[in-house]
Amino acid sequence: MLIFKLAIRNILRQRRRSVLTALSMAGGYMLFVFSISLLEGSWSNVVDIFTLDQTGHVQIHKDDYAKRPKIYKTIADNVAVETLLNGHSEVSGWAPRAYSPALAYGGDKTSVAQIMGIDVTLEPTVTRIKQKVSEGTYFDDQPDADGYFKAMIGRGLANKLNLAVNDEIVLISAGADGSIANDVFVISAIVGNAASFDRFGVFLPLAVAQEFLAIGGDVHEYALLSRDKHDNERLAKDLQAVLPTLKVSPWQEIEATFYRTMQSDKQGNYFTMGLIVFIVFIGVLNTVLMSVLERTKEFGVLKSIGCRPSELVKLIFIETVMLATASILVGLVLIVPVIMWFTEVGLKLDLAVDMGGVVFDTMKGDFSAYVILMPMGFMLATAAVISLPPGLRAARILPREAMGSH
Amino acid sequence: MLSVRLAWRNLFRNTRRTLLTCTLITSSLMVIILVDGMVLGMVEVMVGGITHTLEGEAQVNRKGFRENLEPELRLMKPGPISEALKNDERVSGFAPRVMVGGMIASTYNTSGGLIYGVDHRAEQQVSKLKQALIQGSYLTGAKREILIGKLLAELLEVDLGDRIIISAARVGTSDITQELFRVQGIFEFGPEEMDENFAFVNLEVAQAMLGREGQLHQIAIRFNDPEDAKDSKLPTLVNLREAEVEALGWLDLQPSVGGMIEMSNYASTIAGAVLFVLTSLGVINSMFMSIYERIYEFGVAKAIGTTPGQIISLVLFEAFFLALIACLLGIVLAYGASSYFEAHGVPMGRMEVAGVLLDGNLYTKVEAYQFVVFPVYVTLLTLAAAIYPAIFASRIVPSQALQRAL
Amino acid sequence: MMAIKMLGLKRSFFAGLLAAGKVGDRQFGSRKSGQGWIWLTGLVCLALGPALLADGLNKGPREIIDEMEQLYRGTSSASKITMVVETPRYQRTMKMSGQSLGREYGFFRILSPKKDRGIATLKRDEEMWNYFPKINKVIKVPPSMMMGSWMGSDFTNDDLVKETQLIDAYDIAMTETDAEYQFSLTPREQTVTVWGRIDYRVTKDPLLPLEQIFFDDQGEKVRVMSFSEPKDFGGRLMPSVLEIKPLNKQGHRTMVIYDDIEFDPPDITSETFSIRKLKARF
């Protein structure tokens, strides 16, 4: 314990220097944490935007439906899958879907469209579909007074076919049994905007879509949310193990290109941060080395009274790490409120970015163990390593030379 | 003058510390230059990708065309527009185009796609179509040439020379027109959407198919100075605008990209500022140590009548020379590193941004200002950091200093 | 660097626009229904043509086919057809009634299965309409949808239209064996077709088509249309079963069976082919 007392005393001996060094380490830590928080937060935000817009965190399909969608690639054993999803503790919401391309007619105009059969109660537990309704009201799965079922259409389709709420829309498609699917629906709502992924989409109640496409009780996709959005890949793996006949994919696979882009951007940022921390530690090295050299005489005395070289190395090591820890803790105390503010409130951007109907106008940070602890670990490790060269220098001092200096 | 000579000599009295502090400053400078180079390189790739791959730095379209690519929305009088562009010195090239959606059929399969009719010579000055070819050869203007994407070629199961039939609707009537082509070349731009859905044929053929000889859907423009494209008030573009015609630079065509670049600069500036702060802490620390070491000397100097001002200027000169050496070193090293990366690229992994594939390496940009402006900043910074220590030195009380016989 | 994240999400600038073409693939296509009759009449041509051979053996193949096409103009027909479509996923049987007048007019109605009963198609020159009784709507078929498969079958537009332009578009070479005439049709330079070569085999006695084989440019067989079960339809002997089989897709096959054909029925005129008729009771 003597060694700790010594370390503390040594740090306090050169107050100004210690403070300056501590400041630079604290500053470095705060910058690092802030930068990571913002980086992770913005990407997290972007990921949220599309996972909660359409993809979900994990998707289940039959075979390679995700890459090459064909109407006949359906999931048939729904009961089994749904029971599993309902009972799974890591799944916080799930929704079944059926899809098909179709031809849509409004008046005498025609357009291609994408039919999306969704469960009216389950879909909002996975996506923000309800918030995306820009005109009209979110639909239900009951026919109206005239016997027509309801549909919600995308903005692109509404514009192209000049359709409004309460208009009729005719859909023609091919059924899975080869029949010609044809029907009329009443538009209950228009969703999204001209740039969202669903701009040429027609949302139908799932049962209606299943009937229309002649796929019986089958669906094309299950989309689900994992309780911990950072852990979705593990959830996907777990589910895949229990569902060997189907393909379970995390969003990172579904949106592989985006994922790669994100990883590269993060990589680039880490690189920059690494450089900054490197600078900080050159400063720390400078300081520690100077301090050691300054205390050459002292070390000489210590060694001559029997202090082992390894003890000296330890001393320097502890001094540096203690100082680093103290600085980081100070930095932590200062930066946590900032990060929390950023995560909860965020910075309002003057240029709101519209991503597919979801307006992204606040830059938010991420507040997680990773954001706080990774920089801490990295810097402590660096501090520890940085302390070795000066420590070794101290250890090699020969008492006679040391005491003779100055 | 004495101060200057003294300052210079003082620096080398403790070469090790001078070297260490130098390392700190040099590293900062290098980091700033490199990161700046990387950011510039990234922006250039992105912007270049967006504007030079296919879209052009600016476009002239019929108003509303870009929304759904309705073939009816043509530029009715392309003649005057072309004339104007030909005579405009700002314009280095422009490519007239016709674009129509249609069916692309091979002997084995059919698919939908977007067919571009292009002028093969003009296109080379604006887009990277020719460079994107991975098999076969470029258009020469002969009637039956077609270039298709790699993924489309796979889907249609075709190879060079195979038959392709394009079916599209004549503008304004419900006639379908069909034309026979032979695969002249296969391209790979990177983004799936392009390689799976685009086909390029010669302009006159496409115009004839649509029954609209002489008319165009779009003119893509490249400028001699890429900065011109960002200027929405550029006379070149303003003069082309009419009631039904829009002429926009890429920033207006894709505003979100501009927003992103802004943010990128913003972030870099912040990081740079913090870096400076951290560096100055290190410099301050270092200067203090050097002063402490010589506190006896300063005491003597003051005792024999050196004015505080002279002491301050001494310390500042020391700092100045330190900065000078560090910057010179930094410039040389940064230039070396940046040039290396300019040639070989920083490995970054695959990213797709705004429909552009950034593959593998990021090439830094070496710009003159980096080696002039940044060193100046760093020098000023060093001087600023030295002020506190300098003032401290000037206030040393000789009687106390002389007691510290180190 | 941080800024790039924003674009990561950007859905492709082009994605939505391409929906335009994507829908017309083989999974989805019913617009071609009206063109069935063209095929039918093409069959008639082929059936009648060789009959002429007996009359003018010194006529070359070009003249024969040309005469068939000339002969054909003005002929009307009414037919009852069963079509069986097989895919690896399903097998579907449809019964249809059809009427035609020349090359320009065609009317077609599905009689079974019940789900599709009453769906009708009208073709006039290059325009086509569909009627769906379930929703009581007449819909004009957009030009972009004229491509793609007919009723989900393995027939394409090519089959149904190109036959009538054989004479100008192809070079015809003929050989014969004891039992068969064999025509080999090679497209001319400007001919708009996906086929590199089409071979026809016609039996001499009775004078009936046997097989059509479609090749790619390399001489590989890509598709086979075969004719069988000759029957007497009001005095004319014609194959009653037609089968088409794509060779590059496993498990796909379409069969068309003529239950009945009546030539030049008295009640067919150009007025018969009207939009009103689509919705009429039957």
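Q: What percentage of the residues of chain A count as buried?
A: A residue is buried if 20 or more other C-beta atoms, placed from the backbone, lie within 10 Å of its own. In this predicted model, 52% of the 406 residues of chain A count as buried. Residues are numbered from 1 along each chain as its sequence is written, and chains are lettered from A in the order in which they are written. Local features need pLDDT of at least 70, side-chain atom pairs count only at pLDDT 80 or more, and totals for chains, interfaces and linings use all residues.

Q: Why is chain A described as more spread out than a compact globule?
A: The radius of gyration is taken over C-alpha atoms, and the globule rule is 2.2 Å times the number of residues to the power 0.38. For chain A the radius is 31 Å, well over the 22 Å from the rule for 406 residues, so the chain is more spread out than a compact globule. Its C-alpha trace spans about 105 × 45 × 30 Å along the principal axes.

Q: How many residues of chain B are in contact with chain A?
A: Two residues are in contact if their C-beta atoms, placed from the backbone, lie within 7 Å. Here 32 residues of chain B are in contact with 33 residues of chain A. The largest share of chain B's side, 15 residues, comes from α11(B); helices are DSSP runs (H or I, at least four residues), numbered from the N terminus.

Q: What pLDDT does chain C average?
A: pLDDT is the predictor's confidence in each residue, from 0 to 100. Chain C averages 72, with 66% of the residues scoring at least 70. Over residues 1-58 of chain C the pLDDT is below 50.

Technical notes:
Helices (H or I, at least four residues) and strands (E, at least two) are DSSP runs, numbered from the N terminus. A residue is buried if 20 or more other C-beta atoms lie within 10 Å of its own, exposed if 12 or fewer, and partly exposed in between; C-beta atoms are placed from the backbone.
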